[in-house]
Amino acid sequence: MPEPTKKEENEVPAPAPPPEEPSKEKEAGTTPAKDWTLVEPPPGEEQAKQNANSQLSILFIEKPQGGTVKVGEDITFIAKVKAEDLLRKPTIKWFKGKWMDLASKAGKHLQLKETFERHSRVYTFEMQIIKAKENFAGNYRCEVTYKDKFDSCSFDLEVHESTGTTPNIDIRSAFKRSGEGQEDAGELDFSGLLKRREVKQQEEEPQVDVWELLKNAKPSEYEKIAFQYGITDLRGMLKRLKRMRREEKKSAAFAKILDPAYQVDKGGRVRFVVELADPKLEVKWYKNGQEIRPSTKYIFEHKGCQRILFINNCQMTDDSEYYVTAGDEKCSTELFVREPPIMVTKQLEDTTAYCGERVELECEVSEDDANVKWFKNGEEIIPGPKSRYRIRVEGKKHILIIEGATKADAAEYSVMTTGGQSSAKLSVDLKPLKILTPLTDQTVNLGKEICLKCEISENIPGKWTKNGLPVQESDRLKVVHKGRIHKLVIANALTEDEGDYVFAPDAYNVTLPAKVHVIDPPKIILDGLDADNTVTVIAGNKLRLEIPISGEPPPKAMWCRGDKAIMEGSGRIRTESYPDSSTLVIDIAERDDSGVYHINLKNEAGEAHASIKVKVVDFPDPPVAPTVTEVGDDWCIMNWEPPAYDGGSPILGYFIERKKKQSSRWMRLNFDLCKETTFEPKKMIEGVAYEVRIFAVNAIGISKPSMPSRPFVPLAVTSPPTLLTVDSVTDTTVTMRWRPPDHIGAAGLDGYVLEYCFEGSTSAKQSDENGEAAYDLPAEDWIVANKDLIDKTKFTITGLPTDAKIFVRVKAVNAAGASEPKYYSQPILVKEIIEPPKIRIPRHLKQTYIRRVGEAVNLVIPFQGKPRPELTWKKDGAEIDKNQINIRNSETDTIIFIRKAERSHSGKYDLQVKVDKFVETASIDIQIIDRPGPPQIVKIEDVWGENVALTWTPPKDDGNAAITGYTIQKADKKSMEWFTVIEHYHRTSATITELVIGNEYYFRVFSENMCGLSEDATMTKESAVIAKDGKIYKNPVYEDFDFSEAPMFTQPLVNTYAIAGYNATLNCSVRGNPKPKITWMKNKVAIVDDPRYRMFSNQGVCTLEIRKPSPYDGGTYCCKAVNDLGTVEIECKLEVKVVAQ
């Protein structure tokens, strides 16, 4: 139990309860009543003194007030806290006495509630005591806490009995508290007094003052005294004892102080006396820090220097700390109120019972609802959900209940209270057992249920045995106990279930026997045979047919075939008998042994019969020689007849073998049995003679091989021609084109036959979507277009009527015959179709076509148009000289061929393709280039120091190509060996440096274009002498060179074709100083901020990129260059073509 603690200084004592009516109970003291006086100070003085010794409330706006309640009634204490200045709910605690926290005691008799009113912002805390008991009386305290704020108040609860007076009790019961969390939480308890020890009869002893014992005892004896006198709050008493042992300081106010402690019985009267050194000093009495007011319960008396306090009708609430103050000094004491011990008024009685009965042990005590302890052989009985013991309390009666008593319950039982104990013996005996229904012997058929049943007079368990061994339960064997009836149930009786069964009730020397006999009629077990009870044996093997049999007793077996019995012995056909089977034995089985065999079983339980068919099987006969009915390139089709005798077992299939006629080695063609009587051997070599043979197979094995077939040679026609298409159609002809067959074979290909028939023939039908005829036309409807075989894959059918529709097919022919025909997918209309001409200029010819002099020019220009178009070539608007330029035309293209190109062949060539009234034109630029001529004049402009300044004029003949640079060489006059000084030089003036002083030099210059250097070079007429030192050098005067230049396109735009969906670019190059501004236009409209176009300019090269053009993007594009010196434009055409899907 928690120790009692002294009242904290900051506690605010609650106002004293109002004065009670004078008590009519007798006082414990001997002083006459007339000597007691009641002194009440004036109200103003009393209030001033109370305020001086207490603090103002910090948190409470309403404190709980003390009260009085009768036993069994309810009372509620209310505290209220203002929440205006609080941010969260305050913490509140309720205490009983100095230490007991009531939060853990909430239950049947105590409930704590709290509510909050939002409008008034007031927390209301309630403590409700339900059905109060006497031991609920005492001092209570309420504490509220919020952060660093704290407030508390104390109040008293008095509980009065409804009738009668409370007897005096001993102090030992005052420190007994109940356990936490139970229904009677908060009640006084003395369970710690009862320990697990043997119960001894307590003799009546004189009352002992425990307080005096503890004061005079050694510390080592405290535990012994507490155990002996049932003190549970030993720590609280020791704490009080420690305070009492402190040496009191000499007091100037008190001549005699209070005793350390006082003890009084419940309902008695106690007297506190102090003696003052100065009788004028004012004295105040306090209880637990709260000032005591005069009332009928508290009486003050003055006798000279003595100040006396009487407390009448002491209750458990008066058990507390008291002190008295005189001026600034005080002295204190402890008051202990004793409760009377609980006595056993009706003793336990010895009891005798039978096993299984309900036993009740009853006693009575002196108080209602008193706490008592029950013991069995000195061990405490603790009731619970799993315990066999229950305790019932009916006022003063306490009853121990034992359900279903057993022999283990026989013992000495005792009950103990704080004031006495009682014990009694319980004897448990067995009831006389009667056998109401004994076990009976049983005879059951095999597989039936066995049920052994008995009934006895008592509901007690028992044990089953079989042949002296315990019976073990299983899925098949069940032991049933229901009340007084006991059963042993065996499902599906077996022969091993036969035996002697005994049931023995527990705790009784009685047995109930029974015999079980299992019988079984004879049975023949044919589970291992086929559905028709057929046994198959291979001829020449031994048959040992073992037939399992059953029956109880074992039956006798007899075998027979027809009317002839088969006896046991040593013959070729005999029988053998065993306890659980009968066997038929046939040595070296023959075909004549096939037949029906009968077996008969007989015993005292009945008879059984069965028939078994024995079938002797052998290998099948070989089949007849196979016949080859059809031959292909590497395959053939062969047929044969099944063998005449299948060996008594169905033919499962056949194996086929093949060999070359000249070879003796046979090769197996199938590893899986062939179920049919036809087979197609494959992967043979054309032109080689083969033979085949057959093996028959049944369940027994493989027959001997058949005779070989007649020799045959694989040879096959080719596969049909492929890709049959219409090449051209006129008013009277149809030209067809096709591809050779995919597979020709060893027989080769001799030629093709082209056939046709007119639509509307007797059986002409449309062909299917794969180009094959839905079904062939009759042979008389097809007309052969070529009387002789043709080896070409193109043929023109002539002499056809205009506007007729024909079907066409082609066959490949070789030594094996004609192949399957290849059909054209639809009928062909014999009528020439005009197709507008269209010229397809190759991509590399859309720009200027450049070739060197002497090279060959061979240009192929494809075109389309039907009928065959007329072609016209012109050069620079004039007719082409066919002596210099060869023109070759075909149905699909035209070719310009120049064997050795000359510069005169350069120019613009125009092609015109005309079909009827439709005309298509195209142009090609051809440029024939040659090496340039040498520069015209080379001059030495000046010589100074080691340098020579040269100038020259461009050549007259640039080779039909732009001059790309010059190469300058020097030669010493003495050796005239030429050395290159500068290569790929673009200007027409240069300065030669680092010449050797004193030497004389000649210079020459070569012209260069895209064909290379000129064949000759132009040399200076004069030489340049490099003077030695000392010669005065005259600095030349140079004029500033003007680099300004109007814009000029050095590479023009070229007409371009583009494919829709693919990026296209237009390129040109421009020169000018200052750098010209480039503007691109489409159809004379400037292209500005269009995301479909990107424009680049790098080193004078201008590029326009058109992203994924469409036909809409076709038109005339213009590039415009502008600077301060002029403006120049160049145009080209862009055509965007859409590729057909």
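# Strands, rings and cysteines

β17 and strand β18 (residues 329–338) run antiparallel to each other, paired over seven bridges, in a model that is predicted.

Me: Which residue in β18 is the bridge partner of A326?

Reply: E329 is the β18 residue bridged to A326.

Me: What sheet do β17 and β18 sit in, and what's the strand order?

Reply: An open sheet of five strands, ordered β11-β18-β17-β13-β14, with mixed pairing.

Me: Which strands stand at the edges there?

Reply: β11 (261–265) and β14 (290–291). Each has a single partner strand, so one side of each has no neighbour in the sheet.

Me: Switching to aromatics. How many aromatic pairs does the count come to?

Reply: The count is 20 aromatic pairs.

Me: Let's take Y286 and Y323. Why is that pair stacked?

Reply: The ring centres of Y286 and Y323 are 5.0 Å apart and the planes are at 15 degrees, so the pair is stacked; planes under 30 degrees apart count that way.

Me: Which strands do Y286 and Y323 lie in?

Reply: Y286 is in strand β13 (residues 283–287) and Y323 is in strand β17 (residues 320–326), so the pair ties together parts 37 residues apart in sequence. Both strands belong to the β11-β18-β17-β13-β14 sheet.

Me: Are Y286 and Y323 buried or exposed?

Reply: Y286 and Y323 are both buried.

Me: And W952 with Y966: what's the geometry of the rings?

Reply: Their centres are 5.6 Å apart and their planes at 65 degrees, so the pair is edge-to-face. The cut-off for edge-to-face is over 60 degrees.

Me: Where do W952 and Y966 lie?

Reply: W952 lies in strand β70 (residues 947–952) and Y966 in strand β71 (residues 965–972), so parts 14 residues apart in sequence are tied together by the pair.

Me: What are the relative accessible areas of W952 and Y966?

Reply: W952 has 5% and Y966 has 4%. Buried means under 20%, so W952 counts as buried, and so does Y966.

Me: Which residues form one aromatic cluster with F77?

Reply: W94, Y140 and F155 form that cluster together with F77.

Me: What about charges over rings? Where does K659 lie?

Reply: K659 lies over the face of W666, at 5.3 Å from the ring centre. There's also R809, whose charged end sits over the ring of W782, 4.1 Å from its centre.

Me: How many bridges join β53 to β56?

Reply: Eight bridges join strand β53 (residues 751–758) to β56, and the two run antiparallel. Within that pairing, V753 has K811 as its bridge partner in β56.

Me: What else pairs with β56? Start with β59.

Reply: Strand β59 (residues 828–829) pairs with β56 in the antiparallel sense over two bridges, and I806 stands opposite I828 in β59. Strand β58 (residues 822–823) is also antiparallel to β56, over two bridges; there, K822 is the bridge partner of V810.

Me: And β57? How many residues lie between β56 and β57 in their hairpin?

Reply: Two residues lie between them in that hairpin. Strand β57 (residues 817–818) pairs with β56 in the antiparallel sense over two bridges, with A818 as the bridge partner of V813.

Me: Now the other sheet, the one with β20. What's the strand order?

Reply: β20-β27-β26-β22-β23, an open sheet of five strands with mixed pairing. The edge strands are β20 (351–354) and β23 (379–380), each pairing on one side only.

Me: Is the β20 and β27 pairing parallel or antiparallel?

Reply: β20 and strand β27 (residues 421–429) pair in the parallel sense, over four bridges. In β27, V428 stands opposite A353.

Me: Last topic, cysteines. How many disulfides does the count come to?

Reply: The count comes to zero disulfides.

Me: Are C363 and C454 buried or exposed?

Reply: C363 is at 0% relative accessibility, so C363 counts as buried. C454 is buried as well, with a relative accessible area of 0%.

Terms used:
Residues numbered from 1 in each chain as written. Predicted model: local features only at pLDDT ≥ 70, side-chain atom pairs only at ≥ 80, totals over all residues. Heavy atoms only, no water. Pairing = 2+ DSSP bridges. Phe/Tyr/Trp six-rings, centres within 6.5 Å; stacked < 30°, edge-to-face > 60°. Buried < 20%, exposed > 50% of the residue type's maximum accessible area, 1.4 Å probe, protein only. Lys NZ or Arg CZ within 6 Å of the ring centre and 35° of its normal. Disulfide = S-S within 2.5 Å.
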